[in-house]
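Hi everyone, thanks for coming. Let me put the model up on the screen, and then we can walk through a couple of places together.

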Amino acid sequence: MHKTLRKRFFNPCSDNRKSKIQNRKWVGLSVAGFVLVVAGVAAQAQQPKNVSRIGYLSSQDSARESGSEAIRKSLRELGYIEGQNIAIEYRFTEGKPERAPELAAELVRLKVDVIFANSAVVALAAKNATRTIPIVFNSQAEPVASGLVDSLARPGGNVTGFTGMAAVLAGKRLELLNEIVPKLSRVAIMWELKNPGSEESWKESQLPARQLGLQVHSIEAGSAEDFESAFSKASKSGSGALAVTLSRLFSSHQKQIVSLAAKRRIPTIYTRRDFVENGGLMSYGADQDESIKRIAMMIDKIFKGAKPTDLPVEQPTKFEFIINLKAAKQIALTIPPNVLARADKIIR
């Protein structure tokens, strides 16, 4: 018994020592495991996120351009947030369409995933710069006639987008002028020289004008310096109203055009609501919010693998008629109640 006890208690700390050693091993393993987990999380955090790149090519002046915020908003609604999962490279011609090819080439060199072009002019420049990067346009010009796509249903190539049908709606705008201006017989059409979409609207105005019994007078403008003389010509021609076609030039100088229309006291209709929000009399055209939302959806489809050639060019399904009663009062014009009843929005 004595030997047994002595043998058993010869090193009374041996069991505790073994336990401590085992605990140290477990602690060591736990610390090592924790370090590996932390290292893995850190490495994952350092890995670049999957960021899609958009080239934003605008024919407008960056100081006056508002479409970029609209497209960002529509993309956010689809889950794309600038600085997180998308990056946008902005390029503006600053009112100089001749810069479009150079800016389009820059976006191609940056290897963006898709180019958004806000007019036919810059969309054509982008198309000439690349045959591989998808291009989505928002154009008022007829896209087939302007050479952007082969057809609306089958665009072909790397280009698709949305057409606002500004020229097709030219007749509707003349019809509205005919309703609000008593005994109207002559209308001036203001269009931008060397702008295919604007010139197309001038041409599209002539047939409906004849059907309405109206004579149309062509007023051309190539720069903002031509506006004064253009309105002077409209007055001298005996025109009782004016229709302003959609163009990059006119959109960039809305307040100047609206001011001249008020000064000449000539009832004027525009293609976009922002002219009316800036003091113009009235506008009729495609709903601007709808076009941007549908363009964002097309960009989303391309990010997810769709090809532009498989995405038909879309056309508006919503139209908006806006009237500014302040502008009407300024030129002593009374808008008939039946016309007011058809307005989508009235600015009082």
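This is a predicted model: local features need pLDDT of at least 70, side-chain atom pairs count only at pLDDT 80 or more; totals for chains, interfaces and linings use all residues.

Let's begin with helix H8, which spans residues 227-236. Its partner here is helix H10, residues 254-263, and the two pack at an angle of about 30° with their axes 10 Å apart. The crossing of H8 over H10 is right-handed. Who makes the contact? On the H8 side we have Phe 227, Glu 228 and Phe 231, and H10 brings in Gln 256, Ile 257, Leu 260, Ala 261 and Lys 263. Sorted by class, that contact comes to 5 nonpolar, 1 polar and 2 charged residues.

Now, which residues of H8 are buried? They are Phe 227, Ala 230, Phe 231, Ser 232 and Ala 234. As a reminder on geometry, an α-helix has 3.6 residues a turn, so residues three or four places apart point the same way. The buried residues of H8 pack against H10, and also against helix H9 (248-252) and the strands E6 (186-192), E7 (215-221) and E8 (241-244). If you follow the chain just past the end of H8, you reach Gly 238, which has a positive phi of about 80°.

The other stop is Glu 200, in helix H7, residues 196-211. Glu 200 is buried, yet it has no salt bridge. How far away is the nearest side chain of opposite charge? That is Lys 203, at 8.8 Å. Leaving aside residues up to four places away in sequence, Glu 200 touches Ala 141, Glu 142 and Ala 167.

Key
Residues are numbered from 1 along each chain as its sequence is written. Side-chain values use heavy atoms; hydrogens and water are left out. Axes are lines fitted to C-alpha atoms, for helices over the stretch in contact, and angles run from 0 to 180 degrees between N-to-C directions. Helices (H or I, at least four residues) and strands (E, at least two) are DSSP runs, numbered from the N terminus. A crossing is left-handed if the near helix is turned anticlockwise from the far one by less than a right angle, and right-handed if clockwise. Contact means heavy atoms within 4.5 Å. Ala, Val, Leu, Ile, Met, Phe, Trp, Tyr, Cys and Pro count as nonpolar, Asp, Glu, Lys and Arg as charged, and the others, Gly among them, as polar. Buried means under 20% relative accessible area, exposed over 50%, partly exposed in between (1.4 Å probe, protein chains only). Lys and Arg count as positive and Asp and Glu as negative; His and the chain ends are not counted. A salt bridge is a side-chain nitrogen of Lys or Arg within 4 Å of a carboxyl oxygen of Asp or Glu.
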